[in-house]
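Colleague: Could you take me slowly through one part of this chain, saying what surrounds it and how each term is meant? I would rather have one connected account than a list.

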Amino acid sequence: MLDEVRVDSGQLAVAVSGGADSLALAAATAQLADRRGLTLHGLIVDHRLQADSAEVAARAAKQLHGLGFAEVRVLEIDVRGPGGPEAAARKARYAALRAARPADDALVLLGHTRDDQAETVLLGLGRGSGPRSIAGMRRLDPPWGRPLLDVSRSVTAAACAELGLDPWQDPHNADPSFARVRLRREVLPLLEDVLRGGVASALARTAAQLREDAEALDVLAGRVLLLARRGGDLEVSELAPSPPALRRRVLRGWLLAAGVAELTDAHLRTADALIGEWRGQGGVWLPGGLVVSRARGRLTVSG
């Protein structure tokens with residue numbers, strides 16, 4: 001991945017939890033970065049959700065110094081907000097990592113593996129979250145980079161053992177109250193048994209195929225959006241000839257740019273009905289107290 005991107009500042013960050021995946025990533029990155037003359041920064045997020053979290057962070061920092069990282073920082077965060085502890089922790093973690101980047105063009109490498117990708121795809125399928133969710137995580141999605149998406153979790157554990165690194169075992173990874181843990185320990189092993197192996201790799205391939213399709217559709221949607229945009233409004237006559245699936249992508253980009261957050265498929269389908277099933281109906285309420293409505297052949301967003 002380092003050969004695919006240009007980092008003019010020469011700064012590169014690795015997010016490290018202390019687990020096997022991120023430690024193995026840190027070790028591999030240290031070797032590759034040295035060849036390219038990049039300055040490495042270790043970013044350790046302390047969620048402060050466990051009594052020994054400070055000790056875990058300190059142990060991870062010591063190992064990063066041993067790997068030759070120029071700078072290591074421990075980022076203490078407060079986990080709070082809607083969506084449950086897992087979602088709140090993820091939101092706070094990403095915000096802290098983004099803010100701690102050593103330069104505007106610096107990538108933050110994350111230790112997500114092929115197993116994490118498979119779990120993400122299954123969660124998206126089970127929740128009916130749509131193709132964007134099933135497409136999984138991108139390998140390169142600045143400022144995030146995920147070089148290990150083609151690597152299994154067993155490989156990172158073996159790498160740590162060979163390199164003499166001491167990974168932390170997060171007790172949350174054994175807590176069945178988390179849906180992802182049950183997928184990892186119960187669902188995926190069962191699927192591997194029933195389908196005779198290769199499930200994680202197959203799910204990762206499916207995600208990659210869907211991601212390529214989604215990116216192509218996004219390009220087409222961007223072109224339609226340019227044709228339909230009239231200031232802050234959209235011209236219905238420019239949207240109507242497109243298939244509904246493409247129109248919804250256009251609407252999604254337009255509404256996100258207008259400040260509408262937390263859009264669901266139901267929101268987009270109802271808004272698209274103002275184009276494809278127009279009967280003079282009223283506006284559609286959206287998150288944030290905003291309304292999309294149709295008048296004089298145009299769609300508008302108002303508060």
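Modeller: The buried residues of helix 1 are Ala20, Asp21, Ser22, Leu23, Ala24, Leu25, Ala26, Ala27, Thr29, Ala30 and Ala33, where buried means under 20% relative accessible area, exposed means over 50%, and partly exposed lies in between, computed with a 1.4 Å probe on protein chains only. The model is a predicted one, in which local features need pLDDT of at least 70 and side-chain atom pairs count only at pLDDT 80 or more, while totals for chains, interfaces and linings use all residues. Residues are numbered from 1 along each chain as its sequence is written, and side-chain values use heavy atoms, with hydrogens and water left out.

Helices (H or I, at least four residues) and strands (E, at least two) are DSSP runs, numbered from the N terminus. Helix 1 covers residues 20-36, and because its 17 residues at 1.5 Å a residue should span 24 Å, the 24 Å between its end C-alpha atoms agrees; the expected span is 1.5 Å times one less than the number of residues. Just after helix 1, Gly37 takes a positive phi of about 70°.

The cover over the buried residues of helix 1 includes strand 1 (11-15), strand 2 (39-46), helix 2 (53-66), strand 4 (107-109), helix 4 (114-127) and helix 6 (153-163), contact being heavy atoms within 4.5 Å.

A nonpolar core is a set of buried Ala, Val, Leu, Ile, Met, Phe, Trp, Tyr and Cys residues joined through side-chain atoms within 4.5 Å. The largest such core has 25 residues, and those with the most contacts inside it are Val14, Val16, Leu40, Ile44, Leu64 and Phe69. Two or more residues each come from strand 1, helix 1, strand 2, helix 2 and strand 4, and the largest share, eight residues, is that of helix 1. Leaving aside residues up to four places away in sequence, Ile44 touches Val16, Ala57, Ala60, Ala61, Leu64, Val72, Arg73, Val74 and Leu75.

A second, separate core of 22 residues includes Leu246, Val250, Val284 and Leu299. Elsewhere in the chain, Ser201 is placed in helix 8 (residues 199-228) and counts as partly exposed because its relative accessibility is 24%. Ser201 and Val181, 20 residues apart in sequence, are 19 Å apart in space, C-alpha to C-alpha.
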